[in-house]
Amino acid sequence: MSNTAKAFENGKAFIPFITCGDPDLETTKLVVKEAVRAGADLIELGIPFSDPTAEGPVIQAASERALKGGVTTDKIFAMVEELRKEVTIPLTFMTYANVVFSYGAERFISHCKEVGIDGLVLPDIPFEEKEEFLPYTKKYGVDLVSLIAPTSEDRISMIASEAEGYIYIVSSLGVTGVRSKITTDIASLTSQVKAASHVPCAIGFGISTPEQAKAMAQYADGVIVGSAIVKIIAEYGKDAPSHVYEYIKSMKDAIR
Amino acid sequence: MTNPNGRFGIHGGQYMPETLMNAVIELEEAYNHYKNDPEFNKELTELFNNYAGRPSLLYYAEKMTKDLGGAKVYLKREDLNHTGSHKINNVLGQALLAKKMGKTRLIAETGAGQHGVATATAAALLDMECVVFMGEEDTKRQALNVYRMRLLGATVIPVKNGTATLKDAVSEAMREWTSRISDTHYCLGSVMGPHPFPTIVRDFQAVISKEIKQQMMEAEGKLPDVVMACCGGGSNAIGSFYHFIEDKSVRLIGCEAAGRGIDTFETAATINTGRVGIFHGMKSYFCQDEFGQIAPVYSISAGLDYPGIGPEHAYLHDIGRAEYVPVTDEEAVNAFEYLSRTEGIIPAIESAHAVAHALKIVPGMSKDQTVVITISGRGDKDCAAIARYRGEDINE
């Protein structure tokens, strides 16, 4: 079993997303530790990209702040290396293809392995383009996480049958961000995914309240929350870690 | 030249969110069907000839030729098309295709506003809804075009993210498409983005080189020695090059916007200063920093102010079939003024980049040679900005 799949061993998994370097990497480290203490089962660490086309305004703004603050891929690798002295839960990177490609795919992915990154989530790498990185993720034992969307339809079984680690189910059309209502037929989407795959699935995009998390966890093995957490960090800055702790605790409690 | 996954050498591809994959697959299937459909082609030719004003003139620039004292200069007058630029070729094709696919709404990005105006025009003609995303910076530089789009019934959304220019408008249009797919076609304005866009847009723009070839055979009885065009994303350039790619005797030159110079950070010359990357759905050359963050680019020309270049150009560069040369703001403005005074033709500041390079190479060529410069658009929209560049404030 891959490391990322271990996140799903303690009941329904809660998976927070955090933009690295917003407001600075010291705060990111503290937020990660608090998230673990609050019950996070896996953490998606966002490497900010200048033009995040799959993100809504909240994560776009966080990425911009982080890059303006001087965060780089190398500094994030160094931060993860530090974190790994204490944090044992699975960690993945969520970023965009060019961040990996321009670093050198093999160099980037071998660094992931060295510092203890267990998976990669790349929203602009669909099934058709995964060969770009798959030779290296396989070589170094890092999961290349597949995404499935409400529009995937006839593509679901193709994607799900080759998925590694866990499947990221995109709950809604559009970009990341808090939604008051998720209108997709999640029950049907998840059951199609589960029928075709051997790995757990987690739902993300638009989830922010414990009620939504609980509703989603009925169908999936885990819940991914990004913008709601990034928003707390934007609001509280360096004081965010304790607020993130409270929030994640309430979310994890809701899906236990 | 295109393999099934939309590759041009190593470039191209479909680096898109899963949410849009079925949409681009559906588009590819529809395009493959309609491109060979006689009825579709008849309708498109009808729109080209009786609405857009094709074929566009190939004009012998006699005064410019005499003045430069080298090769004979011909201008391919895309500026005479309806809406004032080559953009209408692609837009009529895509809008008609979208309509056949049952779409009722067009969204588009625009830089200088020419593609936005063309899309708004096609939407008005074909009774479709139209939303155009335009960098806020560009809405100020091209206020007249914003008004034209609104006049044509389109909604213009100023994009404030990032550098508030063309790349941010593309990103925002992609985000919008992700949220509303079933009734919406993303009418991409250049030979960029994920497959099949670079191929579709090229095919609709290839009418430019098809006509140049015929017109040159009529005028000179031989192929031109040089075909040149300005090149941002590269749609007028690929349209000008396409039917000459196999004619190895024809030199193909794309003129990139160097802004304040390729040795400065204020440039948009992608081939000259960028490296291979993955962005906006494609693998190609991009201006970027060492960690792959897309660089803020600069050019006086809003239409060339983009940090990437279409994948087919990247490939033509890799194999040495086409040359990509940098042209600065200053050189382009000089050429803008030169063509206005010499031939009485005010070119778009984008097209003036190609004219500027012609001013460098034509004098060194022999009198029995010929050069075709594509004038991709007309320059009315640029007059206020060029006046400002020269230190003169005029009201638009």
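**Helix H8(B) and its setting**

Q: Against which helices and strands of chain B do the buried residues of H8(B) pack?
A: This is a predicted model, in which local features need pLDDT of at least 70 and side-chain atom pairs count only at pLDDT 80 or more, whereas totals for chains, interfaces and linings use all residues. Residues are numbered from 1 along each chain as its sequence is written, and chains are lettered from A and ligands numbered from 1 in the order in which they are written. Helices (H or I, at least four residues) and strands (E, at least two) are DSSP runs numbered from the N terminus, and contact requires C-beta atoms, placed from the backbone, within 7 Å. The buried residues of H8(B) pack against helix H1 (18–34), strand S5 (105–110), strand S6 (129–135), helix H6 (136–141), strand S7 (155–159) and strand S8 (184–186) of chain B.

Q: How many residues of H8(B) are buried?
A: A residue is buried if 20 or more other C-beta atoms lie within 10 Å of its own, exposed if 12 or fewer, and partly exposed in between. Among the buried residues of H8(B) are Leu166(B), Trp177(B) and Thr178(B). H8(B) is mostly covered, and of its 14 residues the number buried is twelve.

Q: What distance does H8(B) reach from its first C-alpha to its last?
A: The expected span of a helix is 1.5 Å times one less than its number of residues. For the 14 residues at 166–179 this expectation is 20 Å, and H8(B) comes close to it with a reach of 20 Å.

Q: What radius of gyration does chain B have?
A: The radius of gyration is taken over C-alpha atoms, and the globule rule is 2.2 Å times the number of residues to the power 0.38. With 396 residues, a compact globule would have a value near 21 Å. The C-alpha atoms of chain B fill a box of roughly 55 × 45 × 40 Å along the principal axes. Chain B agrees with the globule value, having 19 Å.

Q: Which element of chain A gives the most to the side that touches chain B?
A: The contact takes 32 residues from chain A and 27 residues from chain B. Helix H2 (57–68), helix H4 (97–103) and strand S5 (143–148) of chain A each supply at least two residues of the chain A side. With six residues, the element that gives the most is H4(A).

Q: Why does Ala240(A) count as buried?
A: Ala240(A) lies in helix H11 (residues 240–255) of chain A. Leaving aside neighbours within four places in sequence, Ala240(A) is in contact with Thr27(A), Val31(A), Ile232(A) and Ile233(A). Ala240(A) counts as buried because its C-beta neighbours inside 10 Å number 25.

Methods:
Two residues are in contact if their C-beta atoms, placed from the backbone, lie within 7 Å.
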